[in-house]
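Hi everyone, thanks for coming.

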Amino acid sequence: MTTKRPMLLRCACRLTLGTGSLLLPRRERREWLAEWKAELHHVLGRPMEHGACLAFALGAWPDAFWIRKHAPRSTPDAPRLLAVVDSPLRCLAMLGGIGAMAAILALIIPTMRREIFPPAYRGPRDVVTISPVPALEGAAMQVSGREYLEWSAQSTRVLAQTAFYLPVAAQVRVGGQSEGWHIARATDGFAAMLGIRVAGDMVAACHRAGERAVILSRREWVRGFSGDPKVVGRVFEMSGHRAMVVGVAPSAASYLPAHPEAWTLETAKAMRRLSTDRFAWGYMLAQPLAGSHTTRIVFTSSDGMRTWLFLLPLSAMAENDLHTPRTDFVLALLLTCLVLPAILSVVLRTRLGTERVSFAVRVRGWLFLLAKGVLVLPLLFCGPLLLAHLAAGGTGSDYAVQFFSTWGGAVVSALWIVDDQRRRCPRCLRRLVCPARVGERSRSLLAFSGIELACAEGHGLMHVPDFPTSWFTHQRWFPLDASWRELFQTGN
Amino acid sequence: MAGMATEAKLSHTAAMILQAVDAGFVYGFSIMEATGLPSGTVYPAMRRLERDGLIASRWEKQSIADAEGRPPRKYYKVTAEGKATLAAARKRYPLLARLTPVDEMERV
């Protein structure tokens, strides 16, 4: 008698058996799977509930776990995920291959390619930030609304036009979803200064209708509006007001201080009122007169105080933008180098011990260690960048995700690289095999207590103590002469 | 000595499964049906019994399975050592005798 079963149930049962079989040593896998498949065939043919069939298949997992737990440890073909790295050349080839795949994946995604190789600055060359400090210092570059009004009125001999924007927080509702944005309230000259084309009467019409005229940053246009080419005219809600998109800022605007997600173009009257607020601190932009190469101007106030103001080009900000994947990567590696000695001593406890090998062999070991470190770098760079790209929803990179995942990845990689090196024969650089427990921990003061590993080629034995003692501080290598070689080869 | 050690360790569940195999329930699912135990209990217990030499397994002939249009099954039978252990277990667990024999052995 046969019972018809849904294809989904059959697939789920087979998948359960297939995944369970991966727990087994390879040589037992085929027979185990054949037995379970034959049993499943009968179960599926019986008049049983679907859930009971699936429960039967799930029983394969405890069975697989039991076999795995009781499989002899010395089985030569037991599953070893890292068996491929036994040979030093294969280890390097594997690291290189993984790194190359990560790099290719990162390079074929256009937004990531732009992150890795940012295009040259193509924004306006004559836009500068007026700052009371001579360096790109973020918040220190802010000026008050009152200062902006005074300075812009008295600098007409040097500056063709000025603009001001004030960063504020806003609650925005787009497409039924509410989220917090960092926006900036800007003077009406802001759009013209950055070369943003806005229909002449559009901003005025917004102001007449009591709406906010919004210029989206390029990143927000891609993220929130899916890069819609007809985004101009779209209406959404901003802090309880209607807001209309009147333009999209060029990518150069992303280098402006505070990195707003949008700018609202305010009326001159509203900005003047805002500028007299003593809490209103924002950023002042200017366009020097043609032919002017001034880098700083001096402003004398009515009470005779002289203030130096510095003109910092937007292009210089782009070139000095610290938040690039490469700088974050380098910073994460530097941080790893700082904390690594402490982590290595705590986690790995014992250090590398290669005193009983020749200088040339030791140099070869260090070169292998260095090669592993170099080959893991592409993966450390591209892997976190992919994660950061996914975290940002495909619109760029989440720098925090990239930095911390690079740092975490670098620490884990360094631990693996050093631990892998300690588990290799100093002579042939192959992974040591046949771990055997020697001694007892309670008698560590009387005799060696730890793990003994052997080189499969018969080059020697490595003794790794359970914990450092005054007489056995770190792992020791005991070389064997050629007379042992034959014995090891038969055992291998 | 090995037999004595195994005998001493035989749990009620293992004894039930051994009795079921001896009664003629010769493959995993039939043992499940006879004992009422789930697959996650029966199969690991059978592995343990086989490892201890109390039961032995063999694959059904491919020609028989092909004739019936199904995959070949793995059948189990109690070994001589298993029978001795089962005899001792029956004294300890008298209710084991309630598992009645079937004619499945005849088809193997």
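**Two helices in chain A**

Let me start where Leu9(A), Ala12(A), Cys13(A), Thr16(A) and Leu17(A) of α1(A) meet His50(A), Cys53(A), Leu54(A), Ala57(A) and Leu58(A) of α3(A). Contact here is taken between C-beta atoms, placed from the backbone, that lie within 7 Å. By class, this contact has 8 nonpolar, 2 polar and no charged residues. In that scheme Ala, Val, Leu, Ile, Met, Phe, Trp, Tyr, Cys and Pro are nonpolar, Asp, Glu, Lys and Arg are charged, and the others, Gly among them, are polar.

Before going on, a word on what you see: this is a predicted model, where local features need pLDDT of at least 70 and side-chain atom pairs count only at pLDDT 80 or more, while totals for chains, interfaces and linings use all residues. Residues are numbered from 1 along each chain as its sequence is written, and chains are lettered from A and ligands numbered from 1 in the order in which they are written. Helices (H or I, at least four residues) and strands (E, at least two) are DSSP runs, numbered from the N terminus.

Back to our pair. Helix α1 (residues 7-21) and helix α3 (residues 50-58) of chain A pack at an angle of about 15°, and their axes are 8 Å apart. The axes are lines fitted to C-alpha atoms, for helices over the stretch in contact, and the angles run from 0 to 180 degrees between N-to-C directions. α1(A) and α3(A) are therefore roughly parallel to each other; the cut-offs are under 35 degrees for roughly parallel, over 145 for roughly antiparallel, 65 to 115 for roughly perpendicular, and oblique for the rest.

**Strands in chain A**

Now, which strands make up the open sheet of chain A? There are 4 strands, in the order β12-β13-β14-β15, with antiparallel pairing. Strands pair if DSSP finds at least two bridges between them. β12 (433-438) and β15 (476-479) of chain A stand at the edges with a single partner strand each, so one side of each has no neighbour in the sheet. On average, neighbouring strands of this sheet are turned by 20° against each other, direction ignored. In the sheet, β13 (residues 450-454) and β14 (residues 460-465) of chain A pair over 5 bridges, and Gly450(A) has Pro465(A) in β14(A) as its bridge partner.

Elsewhere in chain A, β10 (residues 296-300) and β11 (residues 306-313) run antiparallel and are joined by 5 bridges. They form a hairpin with 5 residues between them, and Gly304(A) in the turn has a positive phi of about 85°. Ile297(A) stands opposite Leu309(A) in β11(A).

**A loop residue**

Please find Asp188(A), in the loop between β4 (177-186) and α8 (189-193) of chain A. Asp188(A) is partly exposed, with 18 other C-beta atoms within 10 Å; by that count 20 or more is buried, 12 or fewer is exposed, and in between is partly exposed, with C-beta atoms placed from the backbone. Leu265(A) is 77 residues from Asp188(A) in sequence, but 5.3 Å away in space, C-alpha to C-alpha.

**Chain B**

Finally, chain B has 6 helices and 2 strands, in the pattern α-α-α-α-β-α-β-α along the sequence. Of its 108 residues, 34% are buried. How many residues does each chain give to the contact? Chain B gives 13 and chain A gives 15. On the side of chain B that touches chain A, α4(B) gives the most, with 5 residues.
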